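Hi,

Here's the structure I said I'd pass on to you. Have a look at it first, and then read my notes below.

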Amino acid sequence: ESVTNDGGNFTWYLALPEASNGRHSLSTLFHSSLQKEVLSDELGEPVYDCLTGKGKRLATKQTQLLSAPRHLLLGLVLFSQTMHGRRLTATKNMALVSIEQEITLNVGKCMHQYDLYAVLVHEGQSLHKGHYYTYACNPSCTRSVQVPEWHCYDDDKVELVPEDYLEAFLRGEQPRGRHGSATPYLLCYCLRQQERTVEKGP
């Protein structure tokens, strides 16, 4: 995973599990990626030299947010590359990921709620080509109604998307594209204005 922080935006890329491992929740993948990770080799052995010169030691890494970003942008790493002889090939991961329209993020003592407002979609099996389109609505931080209207922006064509179709698409239950290869790859969430404080335990 990698992360960038640009002004009020927090961009986070998530590696997908194997497609054969069943359905996964986007929220679970996101929160799991923020947990502390032990850095070691394939056998679980330390790989970093100790500053005192007493051999190698285990290291950990973890990402923590000091403030809640206004926009949460979650990217899915769709392609993995492997070498076949001298040829580098890219394979698209068709893992089923259920995408929630609401995601919660704890920062300090506050629990922040984020609402989905855009889904960028890639259709095709190739890393180098394909068809791109977007499902989008007005972000919760700017719209005046609670239930948004979603539209599909596909080149010069804009169509209203029925709510039940969108929900089925986000759950992975709706056929994705003409050849079943349409995959969400960037999810855009906006911070909801109302927040509530969560007391920390001892």
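Let's start with Arg 192, which is partly exposed, with a relative accessible area of 28%. One thing to keep in mind is that this is a predicted model.

I went looking for salt bridges, and the structure holds two. So who does Arg 192 pair up with?

One partner is Glu 102: the closest N and O atoms of that salt bridge are 3.1 Å apart. Arg 192 sits in the loop between strand E17 (182–191) and strand E18 (196–197), while Glu 102 belongs to strand E12 (residues 102–107), so this pair ties together parts of the chain that are 90 residues apart in sequence. Glu 102 is partly exposed too, and its relative accessible area is 46%.

The other partner is Asp 115, where the closest N and O atoms of the salt bridge with Arg 192 come to 2.6 Å apart. Here again distant parts of the chain get linked: Arg 192 is in that loop between E17 and E18, Asp 115 is in strand E13 (residues 110–123), and the two are 77 residues apart.

Is Asp 115 buried or exposed? It's buried, because its relative accessible area is 7% and the cut-off for buried is under 20%.

Now put the pieces together.

Cheers

Key:
Residues numbered from 1 in each chain as written. Predicted model: local features only at pLDDT ≥ 70, side-chain atom pairs only at ≥ 80, totals over all residues. Heavy atoms only, no water. Salt bridge = Lys/Arg side-chain N within 4 Å of Asp/Glu carboxyl O. Helix = DSSP H or I, 4+ residues; strand = E, 2+ residues; numbered from the N terminus. Buried < 20%, exposed > 50% of the residue type's maximum accessible area, 1.4 Å probe, protein only.
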